[in-house]
Amino acid sequence: MHRLIIVILVLGLLLSLFACGKKAGEDKKLIVVSIHPYELLVRQIVGQDIRVQTLIPANASPHTFSPKPRELKELQSAELVLVNGYGLETNLRQALESVEDKLLRVEDMLRTPPGQADAELNPHVWLSPRRLQQLVIMLNDRLQTAFPEHKDTIANNSVDIISQLAALDARIRQERDTFAKTPMITFHDSFHHFQNDYDLEYLGSVQSSPGNEPTPRELSRIGDLIREHGLQAIFVEPQMDRKSATVLADEFGLEIIELDPLGYSFKPKTIMDVILNNWEGMKLSWQ
């Protein structure tokens, strides 16, 4: 009997150590998303009972990021994989083909209806409160189907998020009306949809395509725009080398303001925080 008690105690200790060694949430079902903003959004929809993990590091540009094999392991164990599409995750194409049966693309969910011009192919749709409301409606349906045991949580959270996005949209529209002029040169065209939604005066970007530094001729053209429109600031992004923007700032006496389309540098808790923090940065350039 004494030996049996010792064996039971040892087994109990081993099981306890094994449980402590497991990472928190490891036993939860997993959703993998390509970029940080969708981690924020999906986590807010599904709540705490489903694990959500980002594939592309938030301090890396999704336009240029190339994953290592170890960074792709979670794809196979995920219940769902959510990616942006619109050509954003080009370097992940081969890996995503292996999980096509559980892959959701934002591009497909926000596809332009037949008969309408598909002229809005810029990938940065997560920065538009209006497009996000459409996306949440679509995700609500897909996530309830994939996780029926959590359908009430998903439904209730989706309603709350749509309401919050509508309120944010109204707030930005109201604040936008207080500015007579809104000229801006961004680092690259990350805020295309946001600028269109709120009729901001977009003059161009420092980088015509992500990761490609401007030529001397392009820098000269940007300089002409700065003088012509009396710009007071130029925007940079934490995922990109800011050297060319710094050159322009030094030459024209501009303030450098950081916008983060992925939001990680703000330490946001929700997708609304990502949008609002960037909007606050934009307003600084017109005050």
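**A first look inside this chain**

Hi everyone. Of the 287 residues in the protein chain, 48% count as buried, where buried means under 20% relative accessible area, exposed over 50%, and partly exposed in between, with a 1.4 Å probe and protein chains only. Please keep in mind that this is a predicted model, where local features need pLDDT of at least 70 and side-chain atom pairs count only at pLDDT 80 or more, while totals for chains, interfaces and linings use all residues. Residues are numbered from 1 along each chain as its sequence is written, and side-chain values use heavy atoms, with hydrogens and water left out.

The protein chain has 11 helices and 8 strands; these are DSSP runs numbered from the N terminus, with helices being H or I of at least four residues and strands E of at least two.

Let's stop at helix 10, residues 243–252. Which of its residues are buried? They are Ser244, Ala245, Leu248 and Ala249. These four sit on the same side of helix 10 because they cover an arc of only 140° around the axis, taking the directions from the helix axis to the C-beta atoms. On the face turned away from that buried side, you will find the exposed residues Lys243, Asp250 and Glu251. The buried residues of helix 10 pack against helix 9 (216–229), strand 7 (233–236) and strand 8 (255–258), with contact meaning heavy atoms within 4.5 Å. Just after helix 10 comes Gly253, with a positive phi of about 65°.

Searching the whole structure turns up 2 cavities of 30 Å³ or more. Here a cavity is a set of points, on a 1 Å grid over the protein atoms alone, where a 1.4 Å probe fits but cannot get out, and lining residues have an atom within 4 Å of a point. Grid points are joined across faces, edges and corners, and a volume is the space filled by probe spheres set on the points.

The largest cavity has a volume of about 80 Å³. It is lined by 13 residues, and the closest to its centre are Pro62, His63, His188, Glu237 and Pro261. By type, the lining of the largest cavity splits into 6 nonpolar, 6 polar and 1 charged. Nonpolar covers Ala, Val, Leu, Ile, Met, Phe, Trp, Tyr, Cys and Pro; charged covers Asp, Glu, Lys and Arg; the others, Gly among them, are polar.

How values were computed. 1 Å grid on protein atoms, 1.4 Å probe; cavity = no way out; pocket = protein on both sides within 12 Å on 5 of 7 lines; lining within 4 Å.
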